[in-house]
Amino acid sequence: MSDKAIEGQPFVRFDKVQKSYDGEILVVKNLNLDIAAGEFLTMLGPSGSGKTTCLMMLAGFEPATHGEIFLGNEPINNVPPHKRGIGMVFQNYALFPHMTVAENLAFPLQVRGMNKAEQETKVKRALDMVELGVFGNRMPAQLSGGQQQRVAVARALVFDPELVLMDEPLGALDKQLREQMQYEIKHIHESLGVTVVYVTHDQSEALTMSDRIAVFNDGIIQQLSSPSDLYERPDNSFVAQFIGENNRLDGVVTDVKGKECSVKLDSGETVTASAINIEGKGKRTTLSLRPERIEINPTGKAKRSMITAKIEELIYLGDHIRTRMSAGGSSNFIVKFPNKSGHKLLEEGKTVQVGWLAEDCRALDPIL
Ligand code: ADP
Ligand code: MG
């Protein structure tokens with residue numbers, strides 16, 4: 001536990017925070033968010049949803065238009081950035097090109113008035129942490145993109161901040177390197193116990209790295225959950241569509257019984273779903289169904305909703321088979337299943353029954 005963190009209290013708190021750049025449009029609308037000490041929290045959302053603005057307000061580079069931000073219980077709206085003690089990493093890593101790697105790392109320590117001996121110890125430790133121990137004397141231009149980004153991570157951590165902010169830090173790297181760095185950053189977070197607020201528009205990156213994810217759209221947090229809850233229990237249609245692959249079927253609620261509801265699909269078939277975010281009988285809803293929760297020609301006793309589907313495309317992907325079907329009024333109904341025996345009976349053009357359990361089908365707000 002860090003100096004500023006107080007047991008049982010959030011380490012970072014956004015309290016009714018709003019932001020407008022032009023005095024008219026709110027790009028962050030009434031943000032309430034508590035982040036625990038040691039947590040890895042990711043702000044995930046499409047471009048323009050207000051993620052960077054939130055990070056800039058937390059770092060102190062943009063003032064909040066309304067509301068208060070707290071760090072370790074202290075209001076920080078009037079604390080300048082360099083006094084907040086926050087480490088930062090950005091997409092364009094912005095190392096000083098005329099300084100060696102070691103000098104880059106020593107810089108935040110010099111600014112803080114640390115003596116030479118202590119600087120050297122800390123720089124060495126930070127370089128070892130990102131496995132660049134032998135590169136201290138190189139210039140940034142002599143390193144690959146991935147190595148430069150690791151130096152940027154080391155520089156953000158070298159002065160032992162309690163909080164590190166990262167804004168799309170891996171955006172410039174190719175896929176393989178990006179995935180490797182995701183694990184490296186996650187492991188560094190775990191071993192240091194530092195609090196990380198991470199921004200990305202890449203959902204798989206968010207799912208891989210985070211303790212919790214705040215899904216942003218239009219300056220509003222749509223859902224704040226663990227990765228598995230976001231995928232398995234989306235609260236609304238935006239989250240269902242944004243996280244992972246999703247089948248949507250549209251229809252009208254015809255009956256509500258406890259936690260379940262009946263929905264008449266636009267195709268005319270009636271199915272059962274979990275009533276999650278519906279307005280009631282007679283109102284439109286969009287159902288969310290994950291492709292791996294759907295069974296083709298189901299057998300067994302479990303009570304399933306069933307509809308007729310035509311197989312439009314069968315794609316062999318080695319470990320699993322993916323099919324695109326026409327079903328329930330959708331021509332892009334995706335079903336995925338593991339590559340076990342049985343799939344050889346399926347062919348493009350064939351008609352099958354597809355079924356699901358009500359608990360795996362969520363009735364949400366209608367997508368217009
Ligand atoms: P994200 O990081 O999620 O892509 P941003 O926080 O950068 O979103 O932007 C949110 C909104 O605020 C966008 O509409 C963007 O155009 C606007 N915006 C961001 N920075 C500025 C700025 N410095 N001045 C004016 N508008 C800005
Ligand atoms: Mg951004």
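**Sheet, helices and ring contacts in the predicted model**

In strand β7, Val164 is the bridge partner of Gly87. Strands and helices are named here from DSSP runs, numbered from the N terminus, with strands (E) of at least two residues and helices (H or I) of at least four. The model is a predicted one, in which local features need pLDDT of at least 70 and side-chain atom pairs count only at pLDDT 80 or more, while totals for chains, interfaces and linings use all residues; side-chain values use heavy atoms, with hydrogens and water left out. Residues are numbered from 1 along each chain as its sequence is written, and chains are lettered from A and ligands numbered from 1 in the order in which they are written.

The protein holds 20 strands and eight helices. Its C-alpha trace spans about 75 × 45 × 40 Å along the principal axes. Of the 368 residues in the protein, 45% are buried. Buried denotes under 20% relative accessible area, exposed over 50%, and partly exposed the range in between, with a 1.4 Å probe and protein chains only. A contact requires heavy atoms within 4.5 Å. Among contacts between residues at least 6 apart in sequence, 66% join residues at least 24 apart.

Six strands form an open sheet in the order β6-β7-β8-β3-β9-β10, with mixed pairing. The edges are taken by β6 and β10 (220–225), each with a single partner strand, so one side of each has no neighbour in the sheet. On average, neighbouring strands of this sheet are turned by 15° against each other, direction ignored. Pairing of two strands requires at least two bridges found by DSSP. Between β6 and β7 there are five bridges in the parallel sense. β6 is mostly covered, with four of its five residues buried. Strand β3 runs parallel to β9 (residues 212–217), and four bridges join them. Leu41 stands opposite Arg212 of β9.

Helices pack on this sheet. Helix α1 (residues 51–59) lies across β3, β6, β7, β8 and β9, and runs at about 150° to β7. Helix α4 touches β6 and β7, and its direction makes about 165° with that of β6. These angles run from 0 to 180 degrees between N-to-C directions, and the axes are lines fitted to C-alpha atoms, for helices over the stretch in contact.

Helix α4 (residues 145–157) has 13 residues and reaches 19 Å from its first C-alpha to its last, close to the expected 18 Å. The expected span is 1.5 Å times one less than the number of residues. Twelve of the 13 residues of α4 are buried, and the helix is thus mostly covered. Among the buried residues of α4 are Gly146, Arg150, Val153 and Leu157. The elements that cover the buried residues of α4 include β6 (86–90), α2 (101–111), α3 (116–129), β7 (163–167) and α5 (175–192).

Three aromatic pairs are present in the structure. In the pair of Phe40 and Tyr198, the ring centres are 5.5 Å apart and the planes stand at 40°, so the pair is tilted. Phe40 lies in strand β3 (residues 40–44) and Tyr198 in strand β8 (residues 195–200), so the pair ties together parts that are 158 residues apart in sequence. Phe40 counts as buried, at 0% relative accessibility, and Tyr198 counts as buried at 0% relative accessibility. Phe96 and Phe107 form an edge-to-face pair, with 5.0 Å from centre to centre and 70° between the planes. Phe96 belongs to the loop between β6 and α2 and Phe107 to helix α2, so this pair ties together parts that are eleven residues apart in sequence. Phe96 is partly exposed at 26% relative accessibility, and Phe107 is partly exposed with a relative accessible area of 32%. Rings of Phe, Tyr and Trp (its six-membered ring) pair if their centres lie within 6.5 Å; planes under 30 degrees apart count as stacked, over 60 as edge-to-face and the rest as tilted.

Charged side chains also meet aromatic rings. The charged end of Arg112 sits over the ring of Phe159, 3.7 Å from its centre. Arg290 lies over the face of Tyr231, 4.1 Å from the ring centre. The criterion is NZ of Lys or CZ of Arg within 6 Å of the ring centre and within 35 degrees of the ring normal.

Gln9 is placed in the segment before β1 (12–20). Gln9 counts as partly exposed, at 38% relative accessibility. Gln9 and Asn73 are 64 residues apart in sequence, and their C-alpha atoms are 7.6 Å apart in space.
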